[in-house]
Amino acid sequence: MQVVSISSLKGGVGKTSVTLGLASAALAAGIPTLVVDLDPHADATTGLGVTSADKAGIGEMLKNSRRAQLADNVVPSGWVANERRTRTINAKRPPVLDVAMGSAFSGIYDRPDLGKRDLKRLSTLLSRVSGYGLVLIDCPPSLNGLTRIAWTASNRVLLVAEPGLFSVAGTERTMRALELFRKEFAPNLAPAGIIANRVRSGSNEHTFRLAEMKQMFGDLLLSPTIAEQANWQQIQGAAHSVHHWPGESAKQAASTFDALLKNLVETGNVRNRVIRRAG
């Protein structure tokens, strides 16, 4: 089970949009996936079409991490029904995209002074679940407690950035913070790469910043980049999977996320084999 935190220390770069795009690609690829919405705003929960109110949110489960059963409180994404309709009757297994719902209550852990016991709360919850090939954790745009909780529970961290001055600088700070955190708390944690989001092909500034990011981060800058998409807000507002949204631009976006997911999964599998051999 690969556990990947989607992070950025700068808000507004489309981190949740990337989480939803990767979740859509995983659903289309038939990878059983769990999305943990660790942002107190719970935007990923909304975008995934979750409406159930009779389950505990992730904040409540973190508080009772020793006794809470995450598997009993996850909710299927509303996208699953559409995926079932598009699959053939002979599909080998039903599609799985579950959500640990976001909760404003989780904000009590979004502070900088958490001890090691608190940092392990999500790890404890995830240690009791099985059946997923991929776990995506949507983090808040900060390096406070919730992001650190997510990183402690993860194998890898995927960073999201826009090709702009402030976002590139924020990504560099995040890389430094990730390395310090790895040394102190999570020696097996590794960067999964950096996704450039909302890229405008006709922008000289974006072209310049992408070249700058390639120079700074090398192979960690993943390909393909994600083009700016005018109807993305409409897709999210409808709580719809990009893979089932009509139109050529949505089709191209779905193809981009397919390629990024393949890169993410394949590099993760290679890393896991290396770790097993080293062990």
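How many bridges join β2 to β5, and which way do the two strands run relative to each other? I went to look, keeping in mind that this is a predicted model. Five bridges join them, and the two strands run parallel. As an example, I picked Leu-34 and found its bridge partner in β5, which is Val-135.

**Entry: the other side of β2**

Next I checked β4. It pairs with β2 in the parallel sense too, over four bridges. Here I noted Thr-33, which stands opposite Leu-97 in β4.

Is β2 enclosed or open to the outside? Five of its five residues are buried, so the strand is largely enclosed by the rest of the structure. I then sorted the residues by face. Thr-33, Val-35 and Asp-37 sit on one side, Leu-34 and Val-36 on the other, and all of them are buried, which leaves both faces covered.

**Entry: the whole sheet**

I zoomed out and traced the order of the strands. There are seven, in an open sheet that reads β3-β4-β2-β5-β1-β6-β7, with mixed pairing. At the edges I found β3 (75–76) and β7 (190–196), each pairing on one side only.

At the β7 end, I looked at how β6 (residues 156–161) meets its neighbour. β6 and β7 pair in the parallel sense over six bridges.

Which strands does helix α1 lie across? I listed β1 (2–7), β2 (33–37), β4 (97–100), β5 (134–138), β6 and β7 for this helix, which covers residues 15–29. Its angle to β5 is about 165°. Helix α8 (residues 145–153) lies across β1, β5 and β6, and runs at about 155° to β1.

**Entry: the inside**

I looked up the nonpolar cores. The largest has 39 residues, and those with the most contacts inside it are Leu-22, Leu-48, Leu-97, Leu-136, Leu-158, Val-242 and Phe-257. There is also a second, separate core of 26 residues, which includes Val-3, Leu-70, Ala-100 and Leu-125.

I followed Leu-158 further. Skipping residues up to four places away in sequence, I found that Leu-158 touches, among others, Val-4, Ile-6, Leu-22, Ala-192, Ile-195 and Leu-222.

**Entry: a glutamate to check**

Is Glu-83 buried or exposed? It is buried, with a relative accessible area of 6%. It lies in helix α5 (residues 79–86). Leaving aside neighbours within four places in sequence, I found Glu-83 in contact with Leu-27, Ala-28, Pro-95 and His-244. I also checked Glu-248, 165 residues away along the chain: the C-alpha atoms of Glu-83 and Glu-248 are separated by 19 Å.

**Entry: the chain as a whole**

I finished with the totals. The protein chain has 12 helices and seven strands. Its radius of gyration is 18 Å, close to the 19 Å that the globule rule gives for 279 residues, so the chain is as compact as a globular protein of that length. The C-alpha trace spans about 55 × 50 × 40 Å along its principal axes.

Buried residues make up 51% of the 279. Of the contacts with a separation of 6 or more, 81% are between residues 24 or more positions apart. The accessible surface comes to about 13000 Å², and 51% of that belongs to carbon and sulfur atoms.

Notes
Residues are numbered from 1 along each chain as its sequence is written. This is a predicted model: local features need pLDDT of at least 70, side-chain atom pairs count only at pLDDT 80 or more; totals for chains, interfaces and linings use all residues. Side-chain values use heavy atoms; hydrogens and water are left out. Two strands pair if DSSP finds at least two bridges between them. Contact means heavy atoms within 4.5 Å. Axes are lines fitted to C-alpha atoms, for helices over the stretch in contact, and angles run from 0 to 180 degrees between N-to-C directions. The radius of gyration is taken over C-alpha atoms; the globule rule is 2.2 Å times the number of residues to the power 0.38. Buried means under 20% relative accessible area, exposed over 50%, partly exposed in between (1.4 Å probe, protein chains only). Accessible areas come from the Shrake-Rupley method with a 1.4 Å probe; for residues, only the protein chains shown count as cover. A nonpolar core is a set of buried Ala, Val, Leu, Ile, Met, Phe, Trp, Tyr and Cys residues joined through side-chain atoms within 4.5 Å.
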